[in-house]
Amino acid sequence: MFWKRLRLRSSALRRVALKILLTLLVGAAFAAQAVAALLPDVPLLLASTAVSLALEGVLHRWQRGMATVFAKSHLDITLRHVLRDLLLVVGLLRVGEQDRESVYAPLVAGVLVFYGLHCAIQAVSVLVRRTRTLPVVTRNVDALALRLSPAPPALLRQPGQRLLLFGLPATVGLAAATATDVPAAAASGIALSLLLGLLGLGELLLRLLPGRRPAGEQEVLDWFDAWLAEYRPTVGLYFSGGVSSAYQANMWLEPLAKLDARPVVIVRERFMVQKLAATDLPIVCLPKVTTLMRLEHSSLQVLIHPSNSGKTSQVLRIPTLKHTFVNHGESDKLSSCNPYAKAYDEVWVAGPAARERYAQAEVGVDDREVREIGRPQLDTVRAYDGPPAGAFTTVLYAPTWEGWDGNPGNTSVIAAGENLVRALLADPGVRLLYKPHPLTGSVDARAGAADRRIRDLVRAANRERGGPRPADGGELALRTQRLDRLTSADFRPGADQVERMLVQSTPPRGRARAVAQAMADWEEAYWASLPVWEHQVVTDARPALYGCFNRADLLISDVSSVISDFLVSGKPYAVANTSGLPEDAFREAFPTVRAATVLTPDAREMPALLDAVRNPDKDLLVEARAELKRHLLGPAEPSSQARFGLAVQALCTAAREHRTRMTDRLASEIPGQRRTEEQPSVTPPQA
């Protein structure tokens, strides 16, 4: 433990030392260049200029953070480049005769013109970016009518790299002229820099021509209204969140796609369009509230919300829509009974347990507005088919993250994770799958540190265990390539949102089925490529959590939605108790623990738990799991997907009826108001 902390601390110190060293080197290079220009000392001037240029390359290739720090200190790339060239000009003037100023005056003028071009390119680049920032961003939608086009070269949109590349000939030419006292060398370099700048400026100016730029804001909004009228969506998934929260929406994409409706996905952040998983559903990003309000007059009837966010309140203002909250998983945590839920027309939960949870939480959710639909995502989870058949018992340890409230019982990673993993690795018949929550360590650094130590334990155990590995026939690579071709768009490195809209137009027919089959083939090849004895740390998007469910004989987790989802399999599971509560109180406080083996932070119950998994006659919780499954997830029939579809149809009907009532009410009120307004004023009688 001590040595690991020491290594982490020394690594942080090395990073700080590197930043200090870079700062000193940049300052020393400019100081040496200034001294050399004033002396003058041509070799020192050339050497310091070369070092300065090399350091610029280091900053923009490996130390972008330091480049940002310099920019915030008003020492950005433009100022550094101007200073570097200015010192070269000073050196030229000092090296030459006193009457040589007139010879180099045109060169100085050329350098100044180049920097003027640089500023002009940046200004036009901003204009081009604004014309390509549309009020509506789409995916899986034919938006060619908006005059979509490929993005300008990335170099023209990156002022730092552009200045380095375009200004390099001028800098080299000035350095060569200093060394050789030949003004033509500087003139050639400056001329080349000017040519590059003019070509770049011309490329950008052409994109501002009416026929070359995308549609304007009002034209895009009119197109969007027309698309809504043509597509006529009836149900939508509404989502707003951060970069790492896309999984909350992704889990509802497939159930939404299976509905007998016209679905659409509505997101609020531009980056989220590409963060969502592969789907054939039309995706629309509406960043502005004014654009979002255009949904009021569309055919859309229901919006499904998998999470709460600050921007949820904006769409709740639309009176023609019905809103339902479905959450992105259910657990016994207070976050599963957020008071925000009372803002929705209905709250859809998995089973009776969640209904009871809302009633007990007293957060203002009317029981009549709660509907049980099960968990449609769990249709792919395979049911229990007996004890481990092979030489190894596969255990999935999938702890949740630390949460926002600082409750020590949220995650077992900090207080119990290492003990649990050590106990599992100590059993020669266990194969561990460790899948930490993607947000682990985002709030509490201790969780992140514990996660890293657990990964070290797993790697060390694999080195000690060893064994034969399956022959690599290239099957996994082939299936990965096929899956990637189906699920990822082939963007150029410098593609912007408009170009992505162009590439990700209407998907080909049958792509969804092809993706599902390719995913199943990939999972089969992935697990077949791994040694059956080797422990795994699973952190990538693939394989997904439910794929790990199907490989596991036992789940160890915390009080989280992972438990509720795993119960559909009927397999044994255990929950780590790091809350500080006695076991009886822990089971009473968290109903999802009723059919679990409760593990203390020291993991002393692990041997008995593994014995029960391998010998079903010792598993005393089989009936309890079946009963809890019904309580948490509802009945097996009708299926969750069917119940989800019925709930959508019922809420759509309610939305249509509400819209009809509002239309009739307005129709009955407005004529009366008009008659009142049209009545002539009564002239008071004269005295």
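1. The second largest pocket is lined by 24 residues, of which Ala389, Thr394, Asn550, Arg551 and Asp553 lie nearest its centre. Two elements, α19 (511–528) and α20 (545–551), each give two or more residues to that lining, and the volume of the pocket is about 550 Å³. A pocket here is an open set of points on a 1 Å grid over the protein atoms alone, where a 1.4 Å probe fits and protein lies on both sides within 12 Å along at least five of seven lines, and a lining residue has an atom within 4 Å of a point. The volume is the space filled by probe spheres set on the points, which are joined across faces, edges and corners.

2. Some ground rules come before the remaining points. This is a predicted model, in which local features need pLDDT of at least 70 and side-chain atom pairs count only at pLDDT 80 or more, while totals for chains, interfaces and linings use all residues. Residues are numbered from 1 along each chain as its sequence is written, and side-chain values use heavy atoms, with hydrogens and water left out. Helices (H or I, at least four residues) and strands (E, at least two) are DSSP runs, numbered from the N terminus.

3. Six strands form an open sheet with parallel pairing, in the order β11-β10-β9-β12-β13-β14. Because β11 (536–537) and β14 (597–599) stand at the edges with a single partner strand each, one side of each is left without a neighbour in the sheet. Strands count as paired if DSSP finds at least two bridges between them; β9 and strand β12 (residues 554–557) run parallel and are joined by four bridges, with Val395 opposite Leu554 in β12.

4. Helix α23 (residues 606–614) lies across β9, β10 (430–434), β12, β13 and β14, and runs at about 150° to β12. Such an angle is taken between N-to-C directions, from 0 to 180 degrees, with axes fitted as lines to C-alpha atoms, for helices over the stretch in contact.

5. Leaving aside residues up to four places away in sequence, Ala576 touches Ser412, Leu420, Ser557, Asp558, Phe586 and Leu599, a contact being heavy atoms within 4.5 Å.

6. Strand β3 (residues 263–267) is mostly covered, since five of its five residues are buried. On one side these are Pro263, Val265 and Val267, and on the other Val264 and Ile266. Strand β2 (residues 235–239) runs parallel to β3 and is joined to β3 by five bridges, while three bridges join β3 to the parallel strand β4 (residues 283–285). Val265 stands opposite Leu237 and has Ile283 as its bridge partner in β4.

7. The count of salt bridges comes to 32, each being a side-chain nitrogen of Lys or Arg within 4 Å of a carboxyl oxygen of Asp or Glu. One of them joins the side chains of Asp565 and Arg375 (2.9 Å, N to O). This pair links distant parts of the chain, 190 residues apart, with Asp565 in helix α21 (residues 561–566) and Arg375 in the loop between β8 (370–372) and β9 (393–398); both residues are buried.

Note on methods:
Buried < 20%, exposed > 50% of the residue type's maximum accessible area, 1.4 Å probe, protein only.
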